[in-house]
Amino acid sequence: MDFIKSISLANLPTKIEKLEQLSKELNHDIYIKRDDQTGLELSGNKIRKLEFAVKEALDKGCDYLITCGGIQSNHCRATAAVAAKLGLGAYLVLRGSEDNELEGNYFFDKLLGAKIRFVTAEEYSNSRMEIMEEIKNKLEKEGHKAYIIPEGASNGIGSLGYCKAMEEILRQEEELGVKFDAIAVAVGSGGTYAGLYYANHMNKNDSVIYGINVCNDADYFKGRVLELLKEISTYTGEEIHVNKEDIDIVDGYVGKGYALSRQEEIDFIHKLAKQEGIILDPVYTGKAMYGLVEEIKKGRFNRHKNILFIHTGGIFGWNSFARSLL
Ligand SMILES: *Cc1c(COP(=O)(O)O)cnc(C)c1O
């Protein structure tokens with residue numbers, strides 16, 4: 001695929017490591033791609049998306065980035081860090097309030113100098129786009145030019161970051177001499193999955209891309225991914241024709257709900273940390289990899305030998321509630 005230009009922000013390529021102990025335990029070869037190590041302040045999967053979205057913002061002459069997310073949004077923190085690094089302003093619309101504990105990503109948002117507007121859960125789900133537009137207009141009156149990045153940078157341009165990541169994986173397969181039969185990733189707003197899926201398809205690669213949703217349900221994300229695949233094609237010029245049934249979303253691991261932990265999820269994260277020295281987060285990768293391992297145990301992945309899990313980051317999402325379950 002010929003890529004739209006991006007800027008370079010992430011430490012790439014990220015390593016792929018084999019999880020030796022877990023592989024023995026599950027009788028499958030399990031690998032992990034360390035997208036949690038794309039950076040530190042700028043860590044996780046969102047930075048790959050921002051390489052494309054922020055390029056577009058700079059090309060348009062913008063000096064402010066506006067985005068939105070939950071109080072502990074990794075995406076908002078990454079956006080705040082990128083803005084600071086590039087000398088831009090950052091304005092975050094966060095679902096939460098002043099009463100939230102000043103910890104994790106929210107703490108770093110403040111440290112990085114982002115402006116914050118708190119909204120209720122209801123305002124967030126019904127009118128976050130309008131609220132961001134309002135902020136954009138206000139900034140424009142003050143002489144700024146702002147660029148709005150939607151939730152999770154999950155739109156056509158943001159998803160290109162994971163089209164590029166898929167091509168990175170294909171090169172690494174050759175270097176490592178391993179063919180990944182299945183690639184699994186957490187799904188929160190769908191852009192990471194859609195980018196991987198699109199490039200896998202375009203490169204006529206036959207890995208099966210699995211997404212484990214951490215909110216909503218499979219039906220919602222299958223529809224959302226189809227929309228995103230269309231949006232991606234407006235940048236690449238090539239549409240792909242797939243149906244809802246072709247999108248593999250593994251449902252059943254949302255647990256108590258978005259950003260709420262169950263004891264078995266925390267126990268799994270703790271076990272993997274001790275077993276492999278890898279720290280997952282409680283909101284995305286902990287739930288997703290717990291789901292992956294449960295499904296492997298149930299036999300759903302029996303036809304796959306080599307399985308690659310993408311660690312999308314999120315370490316700053318450890319909050320006092322999740323820690324209390326340790
Ligand atoms: C945002 C996020 C995801 C989900 O990616 P989407 O592209 O929003 O589906 C997964 N893991 C972490 C750590 C994230 O911050």
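Predicted model: local features only at pLDDT ≥ 70, side-chain atom pairs only at ≥ 80, totals over all residues.
Me: How is a pair of aromatic rings described?

Reply: By the distance of the centres and the angle of the planes. The count here comes to 10 aromatic pairs. One of them joins Phe107 and Phe108, with 5.4 Å centre to centre and 70 degrees between the planes, an edge-to-face pair. Ring pairs also link Phe107, Phe108 and Phe316 into a cluster.

Me: Which parts does the pair of Tyr258 and Tyr284 tie together?

Reply: The pair itself is edge-to-face, at 5.9 Å centre to centre and 70 degrees between the planes. Tyr258 lies in the loop between β9 and α9, and Tyr284 in the loop between α9 and α10, so the pair ties together parts 26 residues apart in sequence. Tyr258 is partly exposed at 31% relative accessibility, whereas Tyr284, at 18%, counts as buried.

Me: What describes two packed helices?

Reply: The angle between their axes and the distance between the axes. For α2 (residues 46-59) and α6 (residues 156-176), the axes come within 6 Å and cross at roughly 135 degrees. That makes α2 oblique to α6, and the crossing is right-handed.

Me: Which residues make the contact?

Reply: Among them are Arg48, Phe52 and Glu56 of α2, and Ile157, Tyr162 and Glu168 of α6. The residues of this contact divide into six nonpolar, two polar and six charged.

How values were computed:
Residues numbered from 1 in each chain as written. Heavy atoms only, no water. Axes fitted to C-alpha atoms, helices over the stretch in contact; angles between N-to-C directions. Helix = DSSP H or I, 4+ residues; strand = E, 2+ residues; numbered from the N terminus. Parallel < 35°, antiparallel > 145°, perpendicular 65-115°, else oblique. Left-handed = near helix turned anticlockwise from the far one by under 90°. Contact = heavy atoms within 4.5 Å. Nonpolar A, V, L, I, M, F, W, Y, C, P; charged D, E, K, R; others polar. Phe/Tyr/Trp six-rings, centres within 6.5 Å; stacked < 30°, edge-to-face > 60°. Buried < 20%, exposed > 50% of the residue type's maximum accessible area, 1.4 Å probe, protein only.
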